[in-house]
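This report is a guide for a reader who meets the structure for the first time. Please look through the sequence and the model below before reading on.

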Amino acid sequence: MSAIVEEISLDELAPGEHGTVLSFTDGRMVTNRLASLGFTPGVGVDMTQNYGHGPLIVTVRGTRVALGRGEAAKIFVQKGLK
Amino acid sequence: MSDCHDTSVAVAPRPVSVGTKTPLIALAGQPNMGKSTLFNLLTGLNQHVGNWSGKTIDRREGIFLLDGQECNLVDLPGTYSLTANSPEEVIAREFILRESPDLVIAVISAANLERSLYLVSELVTLPAPLLVVLNMMDVAEQEGIRIEPEVLEAALGVPVIPMTATRASGAKDLLRVVGDMLAGRRVSMPHLPEIRTDHLDVLNEIMRHTLGYVPSPYPAEWTALKLLEGDAEMTRAMRAALPASNWEAINAVLIQHDDAFLAVASGRYEWIARMIRAAVVHPKVGQISLTERLDRWAAHPFWGLVILAGILGLVFWLTFTLGTPVQTWLATQMVSRLAGLTSAWLINAPSWLHDLLVGGIIGGVGSVTTFLPIMIIFFATFALLEDTGYMARAAYVMDNLMHLMGLHGKSFLPLFLGFGCNVPSIMGTRTIDSPKARLLTTLIAPLVPCTARMAVVAFLAPAFFGSNALYVSWGLVLLSLTLLVLSGTLLNQVIFQGQRSAFIMEMPLYHLPNARTIGLLVWQRTMSFVKKAGTTILAMAVIVWALSYFPNGELQTSFLVRFGHFVEPVGRLMGFDWRLTVALLTSFPAKENAVATLGVLFGSSPAGNLSQVLTASFSTASALSFQVVTMLFIPCMATVAAVRQETGSWRWTLFNVGMLLVISMGAGSAVYHLARFLGL
């Protein structure tokens with residue numbers, strides 16, 4: 001199956017939508033912190049709150065994590081894969 | 001267990017011969033797992049708080065009894081992992097490696113097993129016996145999660161004790177197993193996370209180059225793994241320990257595998273997934289949790305701010321209806337009465353001794369301690385908001401506004417506490433995880449107008465401005481806050497080059513506050529302040545008193561007044577005469593002293609009279625400028641002591657004092673000249 005992978009940044013995920021983390025483009029320090037909170041490639045994330053401006057809340061591995069929009073923009077996800 | 005982990009031999013327990021040495025037990029866990037609750041449950045009041053050496057991070061240590069035998073319990077800082085992302089993480093792992101505790105108790109949450117096992121996946125690789133406390137069984141039950149602790153224990157190879165620390169349930173089992181482990185009757189033989197085969201080759205290659213060079217007490221394989229993870233602290237240590245050629249060889253490998261740290265983290269989560277598949281018989285049911293429902297309001301961009309404003313309003317109301325009257329009562333009844341009694345008692349003593357005790361110590365330290373009730377209200381509010389999980393929501397909704405200053409939401413509540421008193425505010429900066437943001441918040445915190453400064457405003461504004469006092473007061477508060485935002489923005493640009501630490505924050509589940517946790521926190525913060533009042537603040541009070549007393553035993557001809565005359569030219573820039581300058585200088589021990597000094601200098605006239613004398617003596621421009629400067633002037637000595645304690649550096653403390661000196665005098669001169677220009 002060769003569906004076109006829709007790769008978007010995490011901040012573009014609407015509330016209620018699900019995504020699978022593909023990659024990180026932030027520095028190693030930040031990526032390390034994200035990894036210790038549950039963000040690793042291949043993990044599923046659910047957007048819990050995203051008003052299109054300001055920080056947002058994602059649920060990853062059963063934990064609700066608040067991220068700044070800048071941080072979320074550097075995490076790339078594939079939309080809609082569960 | 002994979003055979004590549006021959007280091008697991010080091011996991012073999014070291015039985016403690018009971019009676020010869022006090023066993024040392026470390027408590028580890030991620031934030032929001034109920035680690036403090038468990039620590040308080042075990043140690044009760046047999047605990048004390050200090051600092052980790054050279055760091056302003058709380059070090060809690062306590063004693064508990066196990067079959068009549070004393071055990072030392074050290075509460076390690078709460079960390080998500082053991083990779084050197086923060087000072088807390090370095091402290092936690094260095095303690096385990098260097099102090100070799102007899103047992104490490106890892107606290108995890110049954111309601112959040114997957115995330116909380118991440119730290120355990122790192123702890124199992126360290127050479128210390130491990131015990132896992134599966135806390136928050138009650139929350140897990142509410143959420144429909146069912147876990148079999150025996151299965152988890154078998155999968156981990158580490159004893160697992162189910163508990164609900166808030167209700168003290170499971171404590172007996174815990175103590176029994178701790179006793180068994182210390183006596184060597186029970187051991188931990190953890191099953192370690194595996195490393196992907198391709199990375200295993202890399203790891204072995206790194207270990208070939210580090211062979212014989214890994215400094216004690218670091219295990220060789222652990223060190224190689226940390227290098228692969230890009231751990232800043234271990235990279236630095238090994239670079240220093242290795243010959244250049246070995247380091248270059250390793251560096252080449254690391255550059256080639258610069259994404260290995262994500263593979264290592266993924267490996268840990270795979271290990272966790274195996275544990276969960278085995279032990280969780282019923283996952284979380286899909287119902288909307290209480291946290292989710294509450295967050296629809298508390299974390300909403302608009303309603304969240306409304307709720308926050310409501311809570312803050314309540315705190316102010318409590319301060320003014322409870323804190324301020326008690327403070328006034330303490331000042332007028334206790335401190336004045338104590339001064340009176342001391343005076344009577346020292347009737348035949350030399351007058352300098354009398355003045356030192358009554359004017360210097362009781363007047364200085366005493367008036368600072370009358371603010372304790374207000375501080376306690378703020379300490380308690382802070383502890384309550386943190387313990388319920390609301391603090392993270394306040395930080396979340398305030399993030400946009402704090403952005404302006406290069407800060408994020410976590411700085412908001414500590415700053416807000418400053419309205420009560422700058423001391424709890426600066427002590428509250430400990431909850432900010434980034435050291436830079438913590439420093440920046442500490443530096444601007446003294447610009448928040450505290451109740452003592454508002455008391456000066458409340459006295460002087462009506463005296464100088466009559467019916468316009470209210471507008472002047474609001475103007476002064478607004479000016480302070482504007483300057484706070486401006487100096488925050490400027491400091492961030494100049495000192496931190498506009499960098500802003502990443503905003504990544506767990507939103508913990510809401511839970512009912514635990515009275516013991518809050519009570520102990522308030523008690524410890526209060527004691528910490530009382531200790532400071534007895535040391536740093538006492539010393540400063542004596543110095544300021546000596547300057548205002550010697551050489552002739554009176555203020556009017558003292559060194560302080562001479563200094564006031566000497567710096568009068570500077571004071572004149574702000575429209576001050578020497579008396580206003582001296583009043584300003586004496587506001588250092590306690591802000592309200594400014595009013596008292598004016599009283600002395602104008603001939604100890606009764607308060608009602610003083611306001612008339614003041615209006616007659618100074619132009620509106622001078623009066624305005626004086627109010628601006630007292631509002632923004634160098635913080636009181638209690639605040640300076642707190643800044644010293646929290647920054648851990650006299651240089652930053654002096655910088656802070658200097659910065660406020662420049663801001664207050666700059667603003668004072670500007671206001672004075674503007675007022676003159678407007679013909680006031």
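## The sheet of chain B

In chain B, 7 strands form an open sheet in the order β2-β3-β4-β1-β5-β6-β8, and the pairing is mixed. The edge strands are β2 (47-51) and β8 (160-162) of chain B, each of which pairs on one side only. Neighbouring strands of this sheet are turned by 25° against each other on average, direction ignored. Here strands (E, at least two residues) and helices (H or I, at least four) are DSSP runs, numbered from the N terminus, and two strands pair if DSSP finds at least two bridges between them. Axes are lines fitted to C-alpha atoms, for helices over the stretch in contact, and angles run from 0 to 180 degrees between N-to-C directions.

This is a predicted model, in which local features need pLDDT of at least 70 and side-chain atom pairs count only at pLDDT 80 or more, while totals for chains, interfaces and linings use all residues. Residues are numbered from 1 along each chain as its sequence is written, and chains are lettered from A and ligands numbered from 1 in the order in which they are written.

## Strand pairs and packed helices

Strand β3 (residues 58-66) of chain B runs antiparallel to strand β4 (residues 69-75) of chain B, and 7 bridges join them; within these strands, B:Ile63 stands opposite B:Asn72 in β4(B). Helix α1 (residues 35-43) of chain B packs on the sheet, where it touches β1 (24-29), β2, β3, β4, β5 (103-109) and β6 (130-135) of chain B, and its direction makes about 45° with that of β3(B). Helix α6 (residues 171-182) of chain B also packs on the sheet, touching β3, β5, β6 and β8 of chain B, with a direction that makes about 170° with that of β6(B). Two residues are in contact if their C-beta atoms, placed from the backbone, lie within 7 Å.

Strand β1(B) is largely enclosed by the rest of the structure, because 5 of its 6 residues are buried. A residue is buried if 20 or more other C-beta atoms lie within 10 Å of its own, exposed if 12 or fewer, and partly exposed in between, with C-beta atoms placed from the backbone. β1(B) pairs with β4(B) in the parallel sense over 4 bridges, and the bridge partner of B:Ala26 in β4(B) is B:Val74. β1(B) also pairs with β5(B) in the parallel sense, over 5 bridges, and there B:Leu27 has B:Ile105 as its bridge partner.

## Two domains of chain B

Chain B is divided into domain 1 (6-182) and domain 2 (197-282), with bounds that come from an automatic or database domain assignment. The C-alpha centres of these two domains of chain B lie 24 Å apart, and the contact takes 24 residues from domain 1 and 21 residues from domain 2.

## A buried alanine

B:Ala583 lies in helix α26 (residues 578-585) of chain B and counts as buried, because it has 24 C-beta neighbours inside 10 Å. Leaving aside residues up to four places away in sequence, B:Ala583 touches B:Ala594, B:Thr597, B:Leu598 and B:Leu601.

## Chain A

Chain A holds 2 helices and 6 strands, which run β-β-α-β-β-β-α-β from the N terminus on. Of its 82 residues, 45% count as buried.
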